[in-house]
Amino acid sequence: MSEVTKLAYGKINLGLDVLGKREDGYHLVRMIMQTVEVHDTVVVETNTTGEITMTCDNDTLPVDENNLCIRAAKLLKDEFNFDGGVNISLTKRIPIAAGMAGGSADAAAVLKAINQLFDLGLSKKDLMKRGLLLGADIPYCIMGGTALAEGIGEELTRLSPMPEAQVLIAKPPVDVSTGQIYKALDSRKSYEHPNIDALIHAIEYEDVFGIALKMGNVLGDVTMPMVPEIQKLIEIMEENGAIRAMMTGSGPTVFGIFDDADEMEACRKKLEELNLCENLYSTSTIV
């Protein structure tokens, strides 16, 4: 085997709460993560030069050690010293800097591919442990599905799979700084916390309507005043068939939960006509 292709799936946050901040600056969170069908494609092939190289169809992304894919490959190369190197080819679909863990998903795919290519024998748990050295979202991206994330995002508990739902994903043509959003949250004396436990119960009961109505993101009240496009997208989705729409992560991406694929497609077309989005995807949840 000289080449492996992996699909790197994006995620949405059905729930995101911030419980505090550690002395090292990391925030303590309680989040419900859910994989969606939108994915990047990562192809990893062996080479005889021993080098780690990368190409990407999106020229705004670095392809050096500033990219998590390169760092993931280097991590395993340094540890196992396997013969040869790897060439990584990345095709991007997950919106960039959008709160969907695209970079982490790509790095997770590289770890999986190299483990397979060089027969390293690492279990999923082994890969998650190494992924954590690179980023708090990578262990979840290796695991996938429906999960509760605690600590700084690295303490994962698999939940009952969310029933399949139609999801419309829309990213406005603006980027936000995650660091800036958390700093703004820290400056507030108090903020409203979403009910993560109620959301978990709705997932256990396989109630898509209940899940949608109990979703919550503590960062929304911070990001939305900075990016008014977020509220506009939420309103349009909810006026056009979404059970509920919400920002994922620290934004600015918005997702809407639909129970009718035709309504979702009509909403997608409306947003397309209004030209409000840099990225727009009709997709679904996956286990």
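Helices here are DSSP runs of H or I, at least four residues, and strands are E runs of at least two, numbered from the N terminus. Bear in mind that this is a predicted model, where local features need pLDDT of at least 70, side-chain atom pairs count only at pLDDT 80 or more, and totals for chains, interfaces and linings use all residues. Residues are numbered from 1 along each chain as its sequence is written, and side-chain values use heavy atoms, leaving out hydrogens and water.

Back to H6, residues 196–204. Its buried residues (under 20% relative accessible area, 1.4 Å probe, protein chains only) are Ile196, Ala198, Leu199, Ile200, Ala202 and Ile203. Strands E1, E2 and E5 and helix H7 are among what covers them. At the N-terminal end, Asn195 is the cap, with a side-chain oxygen 3.4 Å from the backbone nitrogen of Asp197.

Next, Lys171, which sits in strand E7. So why does this lysine count as buried? Because its relative accessibility is 0%. Its side chain makes a polar contact (N or O atoms within 3.5 Å, one able to donate a hydrogen and the other to accept it; residues adjacent in sequence count only if both atoms are side-chain atoms) with the side chain of Asp175, at 2.8 Å. The Lys171 side chain also reaches the backbone oxygen of Val174 at 3.2 Å.

Last stop: strands E3 and E4 run parallel, joined by five bridges. Met54 stands opposite Ile88 in E4.

Definitions and conventions. Buried means under 20% relative accessible area, exposed over 50%, partly exposed in between (1.4 Å probe, protein chains only). Contact means heavy atoms within 4.5 Å. Two strands pair if DSSP finds at least two bridges between them.
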